[in-house]
Amino acid sequence: MSDTLAGLFQVAALLVLLGVCYVPLGDYMARVFTAERHWRIESMLYRLVWVDASGGQRWPTYAAGVLGFSFVSCVLLYLLQRLQPVLSASFGHGPVPPATAFNTAVSFVTNTNWQSYVPEQTLGDTVQMAGLTVQNVLSAAVGLAVAVALIRGFVRSGTDRLGNVWVDLTRGTVRILLPLAFVAAVLLLVMGVTMSLHAGVDTTGVDGAAHTLPLAPTASQEAIKQLGTNGGGIFNANSAHPFENPNAVSNLFQIFLMLLIPVCLTRTFGTMVRNPRQGTVLVSVMGVLWAGLLAVAWYAETHPNGPAALAAGGALEGKEVRFGIPSSVLFGISTTGTSTGAVNSMHDSFTGGAGGATLLNMLLGEVAPGGVGTGLYGILVLAVIAVFLAGLMVGRTPEYLGKKLGRREVTAAAVSILVMPTIVLIGAGLAIALPGTAGALNNGGAHGFSEVLYAYASTANNNGSAFAGITVTGNFFQSTLGVAMLLGRFVPILAVLALAGSLAAQRRVEPGAGTLPTDKPQFAVLVGGTVVLVAALTFFPALALGPIAEALA
């Protein structure tokens, strides 16, 4: 069987698996966030932390809960890293340097999982499990909670209450993320992913010399790493490491885990607004964007420039030979489209066209299909912009799901979509302009520029993958990329919650003869066009200086 045919079979199998899970998981998540009764363990947690689970919250209170919870999480994770030598199972690792500890704490709390260190040489099992793995769960739960709050903004009428952030965080963790991660971890163990609390195992290499192979509690972190669209590897090679991703079956399963919750959340949205076709429209937009970029990257990797790549029959540099080009491209497009950031190949070694596709995937706003929760509220914000533009064209007050989109709503949506481009372009511009940062680039010209642009696009979109030709261990990159993660995560969340609060306060308007139908294919085209138009107008000059110039060279 040819590599191309095998790759097509993988894509088909992936789509079948997602199709099987779409309705049951999407409807289950809708029931989780609309159920009246609390589980006993949830009630115990509420009493333990003095939470009134029956009280609803206005959007500022909900937002304060998200920010406060994330701030405490960031401080605790920072302290765990700095105090590592006094913790058990540290395996002799010292305290993580302050700049790296700050960057890592921000990274995992914001669901970015950007890593500027070698994990197996820096962190022991306690920090990995009690710090990073815990944040892999909780940061995904935060994204879920914000997405559900926005859905309630569309569903509720004449109220200033969006729900309870502590209830939403608890339910997302206890009823969705932990059960799914447990099942996924067991399946990964069966597929050959390692799980050990030992520091390493001694072995003899092919050179006859003794070596120590690092071990780790891999399966448990790998499961939530992919399921929660986190991406931080427990080994430096990430999902190219045989202990994290041993074979083709585990590779396909990990891609499935990345896409599972973001895709099924569109069904949750349709179910909660009592019109499943609304969710179908959104998932179709996500699917077309994902498939289009996959086709571009696949073609670019199998039709490269340069004599060495042409002689090899494809751009094989930077690819794990167990997976080859099709699986590497499928993984790369899925990971950059879901804000996961895990890699099973070196994105820095992708051709100009394929590297540009992964970069554009993030610059679209991480909506194809986006991260856990973030993908859904990201594409809903773009849908609001699309409805507003349609209203301008026909001279009518725009309405979406029975809610009028006035100045406050459109302002909140505009702030949400403008934050990321501002961070990316200012950050990349500063890094290129300052003379002291040039030494961090291992490449010059268009590819060197792409490395810098990719780094800020990855952090501002809370993705976490990288063009690894750039060295980001200096204080400038550690601090500016950390700020990019914080602003890229929490400013859009505040804007989205403000939008949700404004929508919930409105009375529902019944659709009339002039109302734009938002559950039809035409609206899918409008939303998809808006996504592409926003990215094209904002980032085309930067892309022309980087991956486009490289691809045409």
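This passage describes the overall form of a predicted model and then a number of its local features.

The model is predicted, so that local features are reported only at pLDDT of at least 70 and side-chain atom pairs only at pLDDT 80 or more, while totals for chains, interfaces and linings use all residues. Residues are numbered from 1 along each chain as its sequence is written, and side-chain values use heavy atoms, with hydrogens and water left out.

The chain contains 19 helices and four strands, where helices (H or I, at least four residues) and strands (E, at least two) are DSSP runs numbered from the N terminus. The C-alpha trace spans about 75 × 55 × 50 Å along its principal axes. Of the 553 residues, 57% are buried, a term that denotes under 20% relative accessible area, with exposed set at over 50% and partly exposed in between (1.4 Å probe, protein chains only). Among contacts in the chain with a separation of 6 or more, 79% are between residues 24 or more positions apart, contact meaning heavy atoms within 4.5 Å.

The accessible surface of the chain amounts to about 21,600 Å², and carbon and sulfur atoms account for 68% of that area; such areas come from the Shrake-Rupley method with a 1.4 Å probe, and for residues only the protein chains shown count as cover. The chain carries 26 positive and 24 negative side chains, and the centres of these two sets lie 18 Å apart. In this count Lys and Arg are positive and Asp and Glu negative, whereas His and the chain ends are not counted, and each charge is placed at NZ of Lys, CZ of Arg, CG of Asp or CD of Glu.

Nine of the 12 residues of α4 are buried, so the helix is largely enclosed by the rest of the structure. These buried residues include T100, N103, F108 and V109, and the buried residues of α4 pack against α3 (59–82), α6 (125–155) and α17 (475–505). Just after α4, N111 adopts a positive phi of about 65 degrees.

R274, which is not a glycine, has phi near 60 degrees and is placed in the loop between α9 (248–272) and α10 (276–302), where it counts as exposed at 78% relative accessibility. E366, likewise not a glycine, has a positive phi of about 55 degrees and is found in the loop between α13 and α14, but at 3% relative accessibility E366 counts as buried. The loop between α13 and α14 (374–394) also holds P369, which is joined to A368 by a cis peptide bond with omega of about 0 degrees.

Y454 lies in helix α16 (residues 445–460) and is buried, with a relative accessible area of 0%. Its contacts, not counting residues up to four places away in sequence, include T336, H347, T358 and F467. The C-alpha atoms of Y454 and L360 are separated by 9.3 Å, although these residues are 94 residues apart along the chain.

T351, in the loop between α12 (324–337) and α13 (352–363), is buried with a relative accessible area of 17%. Leaving aside residues up to four places away in sequence, T351 touches A300, E301, P304, A315 and G356. V321, by contrast, is situated in the loop between α11 (307–312) and α12 and counts as exposed at 78% relative accessibility; V321 and H347 are 26 residues apart in sequence and 15 Å apart in space, C-alpha to C-alpha.

R507 is located in the loop between α17 and α18 (521–545) and counts as exposed at 61% relative accessibility. Even so, R507 touches S157, G158, G402 and K403, not counting residues up to four places away in sequence. The C-alpha atoms of R507 and K403 are separated by 7.4 Å, with the two residues 104 residues apart along the chain.
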